[in-house]
Amino acid sequence: MSAAPADVIDFLAGIEPGSFLSAIRDRRAQARENAQKSYLALFEPEVPGDVTALERYAVAAFVAGLHRQPAVSEFYAARLRDHDDAGIAQVIPSEVSRAATEGPYGRYPEGPLTVEDVDGPDYRVSPASEAVLGRRLSAAFEHAHLLVFHPRDASPAALQKLLDAGWSATDIVTLSQLVSFLAFQIRVVAGLRALAATSSHRASALETVFTGVLASGHV
Amino acid sequence: MSQTTLAHPDNREPVAFTQEELGWLPWLEPFPADQLTERHWAGLVDASRAKSPYFLLLARDPDILQARTKTDKDIFYNTSNGLPRAERELAAAATSRSNGCIFCASVHARFASQYSKRKEDVQRLLDEGVEADIDDRWNAIVNASAALTATPPAFGEAHIQELRAAGLDELEIVDVINGAAFFNWANRLMLSLGEPTPPARTNS
């Protein structure tokens with residue numbers, strides 16, 4: 001398997017070293033470094049616990065697919081294929097397609113916000129895919145869909161389904177962090193890609209950054 | 001060991017967005033405070049967080065908690081340059097309003113008010129939602145945060161132009177992107193691992 005890119009967000013957003021967006025990201029060096037450490041903690045953990053690499057990449061490939069960002073989807077799909085000895089990668093496209101919708105939707109506790117309740121689907125893995133994924137991973141996909149599209153519908157009952165499918169409390173924390181981190185990473189990538197695509201002000205931005213770098217003495 | 005979720009039958013969940021101080025109860029057993037190892041303390045980053053059931057629950061996987069916390073702190077607290085803290089908190093509050101995280105919105109609306117001294121404008125975001133018409137600059141930040149919060153993300157050139165027109169430079173735009181993106185992480189954990197509790201009724 002190929003090593004992870006030195007900076008996964010740069011890799012996914014197409015940011016080159018020395019570019020103006022790279023210089024801007026350096027102004028938040030701790031955030032940049034720890035976004036990468038977050039990726040490593042989730043996908044190449046020093047203490048793996050009971051969530052397997054295959055499970056981590058399978059959920060990531062599914063979650064990335066739901067966000068419809070092609071570069072991100074392909075990145076996690078490729079990493080899943082590197083770990084996949086169970087034919088799981090083959091069921092991802094059909095499950096992504098069955099699960100696709102738009103968020104955020106969901107219900108509020110009954111009261112004045114009830115008028116803002118928005119209905120949406122409760123996703124279940126198809127029986128054919130569950131035969132490949134198994135109940136444990138199918139439960140993870142169903143929970144990931146809840147977190148991605150309608151997190152305000154979360155409930156103890158949703159966590160109980162994970163517990164019943166063999167996820168411990170610690171496994172659930174890891175799974176929740178993984179899905180939620182991807183919600184972050186994918187949005188940073190989408191935001192930076194959009195910013196890179198707008199060319200006006202680029203020259204003046206570069207000048208601002210360069211002046212700032214000089215002023216900070218980091219040359 | 002068979003595991004079950006934690007139930008809080010006596011809790012009356014807040015039913016509206018508020019700037020008051022809410023509490024939070026976990027649906028899974030937090031890591032036992034008396035069994036924290038060095039790795040867990042490193043994950044908590046600030047020792048005071050060992051008093052929080054939310055952070056103790058997340059401490060079950062300490063390495064990702066540590067990296068997450070350090071990402072959070074730089075995005076929001078590194079104000080030596082870039083977007084003012086008040087407007088980073090506004091992005092966090094708008095994201096939380098959009099996802100429907102009453103707890104997260106309460107914390108970050110309060111911070112937005114504290115740093116901006118514009119409590120009533122912040123309250124309009126909570127009361128009217130991300131469609132609230134506040135002023136050009138805050139509208140641009142709220143609109144961008146809400147667009148980035150949609151799944152799939154709906155953030156694009158129009159939002160960037162609106163932010164630029166409101167006077168934000170490239171670094172400040174990245175601060176909005178980071179703040180909104182980070183709360184898409186935080187909201188999902190806070191919403192799915194426990195429930196908010198009403199403000200303590202302390203009238204002094």
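Ground rule for contacts: I call two residues in contact if their C-beta atoms, placed from the backbone, lie within 7 Å. Helices are DSSP runs of H or I with at least four residues, strands are E runs of at least two, and both are numbered from the N terminus.

Housekeeping: this is a predicted model, where local features need pLDDT of at least 70, side-chain atom pairs count only at pLDDT 80 or more, and totals for chains, interfaces and linings use all residues. Residues are numbered from 1 along each chain as its sequence is written, and chains are lettered from A and ligands numbered from 1 in the order in which they are written.

**Entry 1, α3(A) and α9(A).** I looked up which residues meet here: Ala35(A), Ser38(A) and Leu42(A) from α3(A) against Gln177(A), Leu178(A), Phe181(A) and Gln185(A) from α9(A). By class I get 4 nonpolar, 3 polar and no charged residues. (Nonpolar is Ala, Val, Leu, Ile, Met, Phe, Trp, Tyr, Cys and Pro; charged is Asp, Glu, Lys and Arg; the others, Gly among them, are polar.) The axes of α3 (residues 29–43) and α9 (residues 169–197) of chain A are 11 Å apart, at an angle of about 145 degrees. Axes are lines fitted to C-alpha atoms over the stretch in contact, and angles run from 0 to 180 degrees between N-to-C directions.

**Entry 2, α4(A) and α7(A).** Helix α4 (residues 53–67) and helix α7 (residues 127–149) of chain A have axes that come within 10 Å and cross at roughly 35 degrees. On the α4(A) side I noted Val59(A), Phe62(A) and Val63(A) among the contact residues, and on the α7(A) side Ala144(A) and Val148(A) among them. This contact has 10 nonpolar, no polar and 1 charged residues.

What does Val179(A) touch, leaving aside neighbours within four places in sequence? I found Val59(A), Val63(A), Ala144(A), Leu147(A), Val148(A) and, from chain B, Arg188(B).

The contact takes 57 residues from chain B and 64 residues from chain A. On the chain B side, α9(B) gives the largest share, 16 residues. That side divides into 27 nonpolar, 17 polar and 13 charged.
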